[in-house]
Structure formats: C-alpha cells, structure tokens
Amino acid sequence: MKLPLILIGLFCGLCCGLDEKRIRPSQGEFFEWLGSIFLPPVTTTTTSTPVLSTSTTTTRRTTKSTTTTTSRPTVANFPIERDCVTCRCGLINTLYKIVGGQETRVHQYPWMAVILIYDRFYCSGSLINDLYVLTAAHCVEGVPPELITLRFLEHNRSNTNEDIVVQRFVSRVKVHELYNPRSFDNDIAILRLNQPVDMEHQRLRPICLPIQSYSFDHELAIVTGWGAQKEGGLGSDTLREVQVEVLPQLDCRNSTSYKPGQITDNMMCAGYILQGGKDACSGDSGGPLQATFDEQPGQYQLAGIVSWGVGCARPQSPGVYTRVNQYLRWLGSNTPGACHCMPYPEEDY
Ligand code: 4AZ
C-alpha cells in the first residue's frame, strides 16, 4: 500500500491507449425508441486528442476538438484549453458537523453522483476526476447518453431547493466491452460529463482510484447510496452509509450461497456471512464501496462498485461488487481529457 505501488497503479492506468468497441445490448433499443419519441434528434461528432504538459503548480491539458453539434440546448462545450488545478482525491468533508446503516453527514462523500434516467432516480455513481463518473454497467447498458442526468452534492433527493446541487448531462456512455448481463462479470461503465465540474470552488471532490493488485481482504469498507433500507423496501431520500467487511475471495466462493464460479476475479464480496444485517440493496447499484488508505480515516479509494447479490443483508449472501483495481488500464484508456486529483500532497511525489 505504499507510494511507489500507488504511482505504478495510477500511471499504468492513465497512460495506455486502446481502441474501443461498443456493444449495444437489446435493452438499448427500448431506450432509443423512447428517446426518438421524447427527445429532439442529436448529432454529435467529437474527436479529442489530449496533450499534457506540466508547470510547477498547474497542469495544462489541451484538447483538440473537431465539430461538435448538438441540439440539446443545455449541453455546453467545455473550454478547449484547460488549466488543471492541483488537488487531492478521496478526502471526505468533515466541516459539517442502505440496510443496517446510518444517514451520512451532508456532503460527507463529495464524489457521490445521483444518476437519473428520464429524470427518475435510477442508480448512483462516483466522480473519479473532473470529467468522468464511474458506475455499474447494468445501470446504463444501452441507455442513450441524452437520457441521463447526473447530480452532485445531493443529500436529500426529495429537497428540490438544494441550490448547491451541481447538475451535468452525459456526452458519452462507455459500457465495458466484456460486460456480461447474465453473470454480471465486468459490471462497470464510464459516463463522460458534458462539462467538467469545478474542483477548486465547489465542495465536490473525486474519490481516489484504488491501489493496483491490492486485495482489500478483511478491510472494513463503507458502501453509500440512496437505496432501500430493507429487502423489498423503497429507496431512501437521504444518503446513507454502512460499514461492511471485504471477504477473501475463497470465503465468498466456498462459504456462501453463491457457487464458486459465480464470483469471478473481477468481483469482490463484502458483508457478514454468518449474521448478514449490513448490505447494499436495491437502488444502491453503481455506487461506491470505499476503503481508506493504510486504515487512516478520512481519505478513501474506490475498492468496489455495487453490482449484485441475492436479496439484501441475508446471512450467507453478501453483497457483490465490481473489483475496480482490475480496470485501471481500461479506465486510463477511456478517460481522455480529464484533470486528475492525486492521493498525496504534491511534494510527496
Ligand atoms: C440492486 O438491485 C441491488 N445486496 C444492489 C445490491 C444488492 C442487491 C440488489 C446486494 O440494486
């Protein structure tokens, strides 16, 4: 868990470039049909080539853009030349003062994103830099980006007068090429914002990407979401959190109600096998399972993404999460043009 490992993990993840292949699952046709009825036509052609050069305090990232035409009036083009501020990821806000958990403090987890589809709450996501949100593939598979709205700094979803809420639209949905909707293997997707968020002047902050190859076995991690507080229940108005223990892979494969083959290397389980009682539930999908660095409270890395499970908080059936550090290279090659925050202060690199 030390600095060189983090740096290797981050930079392996951020530096490679692969071609993308987009799979369009059948659910997409339904959403596209709805979109064709309710939304004006959208034509978008964008080519972005990020070029990075560094100065002492800021990082200038130049993005060459070709034609971008869109008839959605609220979708703005972000500036072609951007100055990246120096910032740290994963810090919770401590200034202000699920199943089996508790309500969080307001804006405690400043990377939490509410994902609305057709203005209806659907899933959660995590801000990972100033331009991309990470969520579960099963939340957005086949959904046209024009139908998705993201809201940050939301706490109580039923308060319509939270003027601090930051809203963005989505210009691109990237579902993992190998996502399997039957097994939930590779249940991960990236949403590109129509405009970057301001990480200098707002309380928003991205969560850190996880350390490469780290297992998280036996770590206590926190899952956050607006999902149901009991199996079969309704979603919560306010953001809630619950602490769960990450289970060693062999324990999840051999000592739970799941068959060994169901828990792939791209998944991790968290919860309490014998007693149950604490878990993510319906509506928490896509949200973060966050773990501290070196068990120091206050700074978090994205260990997992809420993916699936049998019921909620049942004994023998822990929550199953996408293992995010299996995707660091994929994340690097599919998040061009973003400004990143780092886990440690600049002078430590
Ligand atoms: C869901 O439907 C869901 N207990 C999320 C997590 C779990 C079950 C269901 C895990 O969003």
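In which sense do strand 7 (residues 132-135) and strand 10 pair, and over how many bridges? The two strands pair in the antiparallel sense, over four bridges. Two strands count as paired if DSSP finds at least two bridges between them. Strands here are DSSP runs of E with at least two residues, helices are runs of H or I with at least four residues, and both are numbered from the N terminus. Within this pairing, Tyr 132 has Arg 192 of strand 10 as its bridge partner.

The structure is a predicted model, in which local features need pLDDT of at least 70, side-chain atom pairs count only at pLDDT 80 or more, and totals for chains, interfaces and linings use all residues. Residues are numbered from 1 along each chain as its sequence is written, and side-chain values use heavy atoms, with hydrogens and water left out.

A search of the whole structure finds six disulfides, a disulfide being a pair of cysteine sulfur atoms within 2.5 Å. With the bonded cysteines of the chain numbered in sequence order, the pairing reads 1-11, 2-12, 3-6, 4-5, 7-8, 9-10.

In the disulfide formed by Cys 87 and Cys 341, the sulfur atoms lie 2.1 Å apart. The link of Cys 87 and Cys 341 is left-handed, with -90° about the S-S bond. Both cysteines are buried, where buried means under 20% relative accessible area, exposed means over 50%, and partly exposed means in between (1.4 Å probe, protein chains only).

Cys 89 and Cys 208 form another disulfide, with 2.0 Å between their sulfur atoms. The torsion about this S-S bond is about 100°, so the link of Cys 89 and Cys 208 is right-handed. Cys 89 counts as buried because its relative accessibility is 2%. Cys 208 is likewise buried, at a relative accessible area of 1%.

Cys 123 is joined to Cys 139 by a disulfide with an S to S distance of 2.0 Å. This pair links distant parts of the chain, 16 residues apart: Cys 123 is in strand 6 (residues 120-127) and Cys 139 in helix 3 (residues 137-140). The link of Cys 123 and Cys 139 is left-handed, with -80° about the S-S bond. Cys 123 has a relative accessible area of 3% and is therefore buried. Cys 139 is buried as well, with a relative accessible area of 1%.

The backbone was also examined for phi values. Most residues other than glycine have a negative phi. Phe 184, which is not a glycine, has a positive phi of about 65°. This residue lies in the loop between strand 9 (166-175) and strand 10 (189-193). Because its relative accessibility is 23%, Phe 184 counts as partly exposed.

His 218 is another residue other than glycine with a positive phi, near 70°. The loop that holds His 218 runs between strand 10 and strand 11 (220-225). With a relative accessible area of 51%, His 218 is exposed.
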